[in-house]
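Hello,

As promised, here is the structure we talked about. Have a look at it first, and my notes follow below.

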Protein chains: 2
Amino acid sequence: MSKRQLMDYIFYPDSIAVIGASKDSEKEKAMGWVGRLLEFRYKGKIYPINPGATEILGLKAYPSIESVQDSVDYAIITLAAPLVPEALEKCAKKGVQVVHIFSAGFSETGDPERAKLQEKVKRIVNQTNIRAIGPNCFGVYCPASHIICNRGLPTESGSIGLVCQTGMGMMLLMRLAKNRGLRFSKGISYGNAVDLSAEEFLEYFMSDPETKFIFTYIEGLKDGRRFFNILRECVKVKPVVILKGGLSESGASAAASHTGSLAGSRTAWQTLFKQTGVIPVESIQEAVEQLVALVNVPSSVGGRKVALVGRGGGAGVVATDMCDREGLSVPRLSVDTKMQLGKIIPSLAGSSVENPVEIGLGAFGFSEHYAEAIEIIGSNPQIDFIITFFIPAEYEEFLREEWLETATSQLLMAKKSLSKPLIAVVDPGGSMEVFKWAKELQQRCIEMGLATFLSLEDAIKAASKLIKYYEFKSHETE
Amino acid sequence: MSKRQLMDYIFYPDSIAVIGASKDSEKEKAMGWVGRLLEFRYKGKIYPINPGATEILGLKAYPSIESVQDSVDYAIITLAAPLVPEALEKCAKKGVQVVHIFSAGFSETGDPERAKLQEKVKRIVNQTNIRAIGPNCFGVYCPASHIICNRGLPTESGSIGLVCQTGMGMMLLMRLAKNRGLRFSKGISYGNAVDLSAEEFLEYFMSDPETKFIFTYIEGLKDGRRFFNILRECVKVKPVVILKGGLSESGASAAASHTGSLAGSRTAWQTLFKQTGVIPVESIQEAVEQLVALVNVPSSVGGRKVALVGRGGGAGVVATDMCDREGLSVPRLSVDTKMQLGKIIPSLAGSSVENPVEIGLGAFGFSEHYAEAIEIIGSNPQIDFIITFFIPAEYEEFLREEWLETATSQLLMAKKSLSKPLIAVVDPGGSMEVFKWAKELQQRCIEMGLATFLSLEDAIKAASKLIKYYEFKSHETE
């Protein structure tokens, strides 16, 4: 069985057996895998396995995997941990290609008996032709195959591939990212990794044409050297964002009780980040911000020189300090640019024609000269890209339909006229009323294809890491 | 005039003249100072000054300040910048105690003519008995006196005093903080600071009994040595959070065009932070987080050893790394504690009795053993305080009234039974539905008096800085 075929069985199986499907239809519908496969209209054959049932959710049920006459590509084992080895042996005998061991209760418990049980599972996998995902994980997410491992996840495909040791982390990322406009090609969570692990999946995602960007959450590794080499190759063809759980000593011990992983030292990992050119992040939330930047900011962003354009009580001053800290520069604008800006921006409090540029409010709480100002700033050769920020809590009294419409049309014009990347920040902080209007404007920005952030700090950090990645890449290919 | 009297005139004036009140009542009502003083029921006398009006918003108007017969404590000048010197001279002659120069258009414009105008204003102040706030600022906020400098700010008093060079920054902070449960004793924004500046106001707030906590946003200083000494004294009696705009070279140049300030070097400021024991933050948003921690976490927090209790896809592992980075430790629990926890937390995926403790979901998406678990963890001598985290996007399917009620009653029980500080994180990320329920739970947590954050990272950073402050203080008083 070649690698390509293996991954086909995993992401595009023609048939799935669910070993341990419940005969309680309410329960199976609400919590079971048969329930989920049906709900999301999986197109292949589904074989519910339960010795006490003849039918589950309208499908013929089988007493055991051997009693299924046709071949089975993929089996999901949802039995209690002690029952897993026997089920696995039966799957191997039946010729099932891949099993996903959903069951938890192995080495992550810290119990030596359970660690032995995991060793037994591992031995069976090694001694047979079967391949395994898990135990203690959510397995596959693949909207193209209608395999959606939980509710609340996007059912449409996108361009981001997810390789996550923890299924809950993978799903959390998708749920946080969904209303930020992100979609995913495929996802895999592989838990305690008795067999298949990050290395195999990253290698597959590297050449998967559906996947343009990769995010990976790692707690531990099987083979550090191999992982390093794969990551290095991967980064040459697509950006990889990495979140390493267990970088600190106590974090490593937390990882041990989470997925039974050995975590490795912080220094070793930081060296790996640097040498491979992966983009490290420090939380699932930051991963979402970084992916927003990767998907929406063109890779042609020319350099680190940013113009900050917005309005807000020292926000520009503070953001300038943040840029400096993150290795971006906020250069002075040319005299010519300032003169042009001076003509359209009134010299009131809350306005400034120097970078950071502050544009006063117009009649609807949004200057009608905004788009023109962006065009003037963008034509400045000192500037590589623009971060524009809106903090509606500052002018709550203006928030109504006219504000939203003016903001939307001005932003759209600005985006069209600008030949350099434009990044938007719409801060939702403040009252419920502010949140509601900020959310609306964010949505409009996302629909325009703007990289849209909720805070200046998030935008600046994500842009900085993005630029460092492109610098690394251009340096590598020189 | 002693200091105490000066500040009384500023925060509790018996009469206010508004020089440049508009005779257009619509405009004055919507945007003017007379409109705001009336709207928020300022109890003193209001004297609108406009040579072309006899009445403004139902109040007798005066052609000039001299024509007011009674004495005037405080005057707000809202005229165009070139008209300010003459108005100021008239105020001085009339014996007005303090003027707030709201007008902008001075040295912050970068125009040499305007800088000269500011020098002229400064000269008048120096040569007369009058004291001045501004120009280019929003002046006083003092709910006890019903002086509310803009709409959307809290009208109830609280315990935080604000000393902000920028009025927009001060108001933004209040607007962001309002629905996080924070309230303010007094606020002052002093803009270009031709006379009164951070030094005078900090000195006053230090001994003001209404003010228990201080936040200050500084761009530049008049007298660094004096500022340092005041800050040092201040920190001995109440915590001071500081945001310094213009720490970087380009940030400093941005500050120059914002409030015409000279900013000082990053190193000098970092030394000052360290030696005075102030709590530095890097944005208005972070200032809000830090104040949430200061106001709600008891100063008795004993040390840096934290238990993380929650549930979430590697969130505990990642948070452990964050704690390590911020100088907090996540110690192992005693065997005894773990055994006790093991009895009530089922050993399922998503549960762990090791720190970070993960508690599986109960029937309503919130374990009915939560409060008990918190009590057990809190009784562990290895633990100084607890950060408990909820990421509702992870279990969106459970979010309904029962979830909210179970969560509320369990959290209330936990808070009551625990003798150590408890900090809550309720992450609002995800869909609108998640946001709605998260917001509700946040509100309940705030009402219980819990320090409530929107992300683990915010909570960990704020707790760490809080503890460092208390360590500094106890070290100083030893």
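Let me start with helix 11 of chain A, residues 284-296: its 13 residues reach 18 Å from the first C-alpha to the last, close to the 18 Å expected at 1.5 Å a residue (the expected span is 1.5 Å times one less than the number of residues). Helices here are DSSP runs of H or I with at least four residues, strands are runs of E with at least two, and both are numbered from the N terminus. Because 10 of its 13 residues are buried, helix 11 of chain A is largely enclosed by the rest of the structure; buried means under 20% relative accessible area, with a 1.4 Å probe and protein chains only. Among the buried ones are Ile284(A), Val288(A) and Leu291(A).

A word on the ground rules. This is a predicted model, in which local features need pLDDT of at least 70 and side-chain atom pairs count only at pLDDT 80 or more, while totals for chains, interfaces and linings use all residues. Residues are numbered from 1 along each chain as its sequence is written, chains are lettered from A and ligands numbered from 1 in the order written, and side-chain values use heavy atoms, leaving out hydrogens and water.

Chain A also has an open sheet of 5 strands, ordered 15-14-16-17-18 with parallel pairing (a pair needs at least two DSSP bridges). Strands 15 (357-358) and 18 (451-453) stand at the edges with a single partner each, so one side of each lacks a neighbour in the sheet.

In chain B, Gly316(B) lies in helix 12 (residues 315-325) and is buried, at 0% relative accessible area.

Best wishes

Definitions and conventions
Buried means under 20% relative accessible area, exposed over 50%, partly exposed in between (1.4 Å probe, protein chains only).
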